[in-house]
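Thanks for asking me to look this one over. Here are my notes, written to be read with the model open beside them.

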Amino acid sequence: MNEITMKMQADELILMALKEDITSEDVSTNAVMPNARKGTVELIAKEDGVIAGLQVYARVFTLLDENTEIKFHCKDGNEVKKGQLLANVTGDIRVLLSGERVALNYLQRMSGIATYTREVSKLLEGSSVTLLDTRKTTPNCRVFEKYAVRVGGGSNHRYNLSDGVLLKDNHIGAAGSVAKAVAMAKEYAPFVRKIEVEVETLEQVREAVEAGADIIMLDNMSPEQMKEAVKLIGGRAETECSGNVTRENIERIREIGVDYVSSGALTHSAPILDISMKNLHAV
């Protein structure tokens, strides 16, 4: 996550999270630390995993006090081990205490997504299938969660509704048919936008191909149906499969012949990676 993205998108969201956690004051911290005092604390991994979100973690503290110093001993994408020292954070003890939970919430969530994505992507190694995420993200956390997917070795599908045309079952229902939905999208959407259509039957596959869809998403089909669909498409459109794809069942997709597989589980079902701030003391 580069500096421009951080300032343009992340800062506002991080401040919202801090305001949620501190509505008027941090009563606990103000009780034990009424005045500024310099201190340091360690960031420690409590389980094995892939780290992601270190810049976001640091930004929580520097937004509270720009003089906070963070020394990292790893970088995003690194595989870390239980007990490993990840960083030392030094600054006003009041800032270290007040920012701790928000900073860890981001880092634990993002690292959990990166860890889960790394595990899933390894199951596709050696195949030509590209692993994608979805829009099934935590509200107001999409920029963080989609970044974590990339750190874990996955790729991003469209970022939001303005980012591309994806005609799902209800769009098709609203238009009246696959062919009508694709035709309307071709007329409305800018030239540079690809048109993807979600299909659930082989008849819809035929209709989508004939309508000139750029990408055909095979939704909740059996492996046998997907193989037949890929054969029907015959390279006339890119292919994507989706529908309850998880770490436990993704290997069945490897040899089907689709170009992409999208998994909402990367963001909606990844457990957090347990990380703690320990050994706070004055310096």
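Predicted model: local features only at pLDDT ≥ 70, side-chain atom pairs only at ≥ 80, totals over all residues.

1. Everything below is computed from its atoms, and residues are numbered from 1 along the chain as its sequence is written.

2. **The core.** The largest nonpolar core has 81 residues, and the members that touch the most others are Y106, F144, I216 and L218.

3. **F144 and its surroundings.** If you set aside neighbours within four places in sequence, F144 is in contact with M1, A10, L13, I14, V56, Y106 and M110. Two of the names in that list, A10 and L13, fall within helix α1, which covers residues 3-21.

4. **The aromatic pairs.** There are 2 aromatic pairs in the structure. In one of them, the ring centres of Y57 and F61 are 5.3 Å apart and the planes meet at 75°, so this pair counts as edge-to-face. Y57 and F61 both sit in helix α3, 4 residues apart, or about one turn of the helix. Both residues are buried. The rings of Y106 and F144 make a tilted pair, with centres 4.7 Å apart and planes at 55°. Here Y106 belongs to helix α4 and F144 to helix α5, so the pair ties together parts that are 38 residues apart in sequence. Y106 is buried too, with a relative accessible area of 9%.

5. **Salt bridge R59 to D11.** The structure holds 12 salt bridges, and three of them are picked out in this note. R59 pairs with D11, with 2.8 Å between the closest N and O atoms. This pair links distant parts of the chain, since R59 is in helix α3 (residues 54-64) and D11 is in helix α1 (residues 3-21), 48 residues apart. Are the two partners buried or exposed? R59 counts as partly exposed at 23% relative accessibility, whereas D11 counts as buried at 11%.

6. **Salt bridge D133 to K146.** The side chains of D133 and K146 meet in a salt bridge, at 2.7 Å from N to O. D133 lies in the loop between β6 (130-132) and α5 (142-152), while K146 is in helix α5, so the pair ties together parts 13 residues apart in sequence. D133 is buried at 0% relative accessibility, and K146 is buried as well, at 2%.

7. E79 and K122 form a salt bridge whose closest N and O atoms are 3.5 Å apart. E79 is in strand β4 (residues 79-80) and K122 in helix α4, 43 residues apart, so to speak two distant parts of the chain linked by the pair. E79 counts as partly exposed at 48% relative accessibility, and K122 likewise at 43%. Salt bridges with shared partners join E79, R118 and K122 into one network.

8. Which residues of helix α7 (residues 178-188) are buried? They are V178, A181, V182 and A185. Looking down the axis of α7, these buried residues fall within an arc of 95°, so they line one face of the helix. In general, an α-helix has 3.6 residues a turn, so residues three or four places apart point the same way. The buried residues of α7 pack against β7 (165-167), α6 (169-175), β8 (195-199) and α8 (202-211). On the face turned away from that buried side are the exposed residues K180, M184 and E187.

9. **A loop residue, I22.** I22 is found in the loop between α1 and α2 (27-32). At 23% relative accessibility, I22 counts as partly exposed. The C-alpha atoms of I22 and E119 are separated by 36 Å, and these residues are 97 apart along the chain.

Terms used. Heavy atoms only, no water. Buried < 20%, exposed > 50% of the residue type's maximum accessible area, 1.4 Å probe, protein only. Arc of directions from axis to C-beta. Contact = heavy atoms within 4.5 Å. Core = buried A, V, L, I, M, F, W, Y, C linked by side-chain atoms within 4.5 Å. Salt bridge = Lys/Arg side-chain N within 4 Å of Asp/Glu carboxyl O. Phe/Tyr/Trp six-rings, centres within 6.5 Å; stacked < 30°, edge-to-face > 60°.
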